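Hi there,

Here is the structure I promised to pass along. Have a look when you get a moment, and my notes follow below.

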Amino acid sequence: MYKSILYTALFLGLAVLTGSWGSSGHRIISTNASLSFNQQMHEFHEWTEFLADHASDADWRKDEDPDEAPKHYIDMDSYYSFILLHRIPQTFDSVISMYGSAFVYDNGILPWATESTFNSLQSAFESGNFDQAKILAADLGHYVGDGHMPMHITKNYDGQYTGNNGIHSRYESSMVNAFDDQIIYSGDSISHIENVNGYIFNYLYHNYQYIDSILLADNYAKDLTGSTSSSAYKNALWDKTGNFTIQLMKEASHALTELIYTAWVNAGSPAVGPSAIKENNKAYPALITSVTEDYSSNNTVIRYSVSKPTQLKMSITDIYGKPLYQVDNTFAVPGNHVMHWSSREMSSGVYVLILQTPTSKDTKKFVYTR
């Protein structure tokens, strides 16, 4: 919990002072995902501006959602198995079982937040909730971007253990903002991902190699210029890191495209153009907005929107479909609604929220940890 508080303070400080990786880097990554859209994805070009405009929504949620900060990082080198084998337990259940929930959350849950968002995106495509799919795709872009920023995947996230204090902001914000006009690349062909969990962890393992390069570049730039804020310092840092920084952003954009494509194909490749969105919204009088955990009260907080008066049924099941909670035939009026469900008896794991009306069914997977 202490680590999560430190990360929240760090990220909020960067967001206020510099706009963070989000204002430049995340926008570049999400915008350029469209460069790799294939012919099948031609309708997704209409999403490009939305993905860019909402690329940093996840950062801004940190000040109102205490559970958000751990989703943006993972300290892989805090895991003994990573030091020995360059790997950690990759499923959420296995890592919780081996290391415990407190350890896992304190060291960040970025890969599992990315995978969970992917699963929710696929569910949104399956249910035809394309407005929700766009929001989830934007969040997915943010988490993918964080996974391609090396200082987000190490316990030495701000250089505090190597005398490089402040490098997090200097690298991802000050330098990138100064050279964002040089971050230019083209798209690439994409493929369907067979193992999403493995795909996410593979790019995290790969990107870990750049941590030492960033720290060495910082030392070089400081020694050369005697500064950490001058234009000369930024130029020197860019000289040493620019090539692989561009490559990291290119790979992040490409990964985002492949993940969106895979979620869409898995859902049956539904039409996602404006007419499809309009027609599907008519058919969905009630839609799930979000599912979060209030650990102070042991409640699951469910938010949903209702577009017209309707009867609705809400249920929660485990990942295998076993019912755990159900509300039958409640009449709902138009507007945004919040429901608190006591989750005291729940165990850590993946659950499914189902919201049904006489004409629609919306589902959302969510992860709960005690």
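Which residues have the most contacts inside the largest nonpolar core? Please keep in mind that this is a predicted model. That core has 76 residues, and the ones with the most contacts inside it are Phe 44, Ile 74, Trp 112, Leu 121, Phe 125, Leu 204 and Ile 260. Helix 13 gives the most to this core, namely 16 residues. Ile 260 touches Met 41, Phe 44, Leu 51, Leu 121, Phe 125, Ala 137 and Leu 140, leaving aside residues up to four places away in sequence. There is also a second, separate core of 18 residues, with Ile 288, Val 306, Leu 353 and Tyr 368 among them.

Next, the helix pair. Helix 11 (residues 196-207) and helix 13 (residues 231-266) have axes that come within 12 Å and cross at roughly 175°. Because an angle over 145 degrees counts as roughly antiparallel, helix 11 is roughly antiparallel to helix 13. From helix 11, Val 196, Tyr 199, Tyr 203, His 206 and Asn 207 take part in the contact, and their counterparts in helix 13 include Leu 248, Glu 251, His 254 and Leu 259. By type, the contact residues divide into six nonpolar, four polar and two charged.

Four strands make an open, antiparallel sheet in the order 4-3-6-7. Strand 4 (323-332) and strand 7 (360-368) are the edge strands, each pairing on one side only. From one strand to the next, the twist averages 15°. Nine bridges join strand 6 (residues 349-357) to strand 7, and Thr 357 has Ser 360 in strand 7 as its bridge partner.

Best wishes

Note on methods. Residues numbered from 1 in each chain as written. Predicted model: local features only at pLDDT ≥ 70, side-chain atom pairs only at ≥ 80, totals over all residues. Heavy atoms only, no water. Pairing = 2+ DSSP bridges. Helix = DSSP H or I, 4+ residues; strand = E, 2+ residues; numbered from the N terminus. Axes fitted to C-alpha atoms, helices over the stretch in contact; angles between N-to-C directions. Parallel < 35°, antiparallel > 145°, perpendicular 65-115°, else oblique. Contact = heavy atoms within 4.5 Å. Nonpolar A, V, L, I, M, F, W, Y, C, P; charged D, E, K, R; others polar. Core = buried A, V, L, I, M, F, W, Y, C linked by side-chain atoms within 4.5 Å. Buried < 20%, exposed > 50% of the residue type's maximum accessible area, 1.4 Å probe, protein only.
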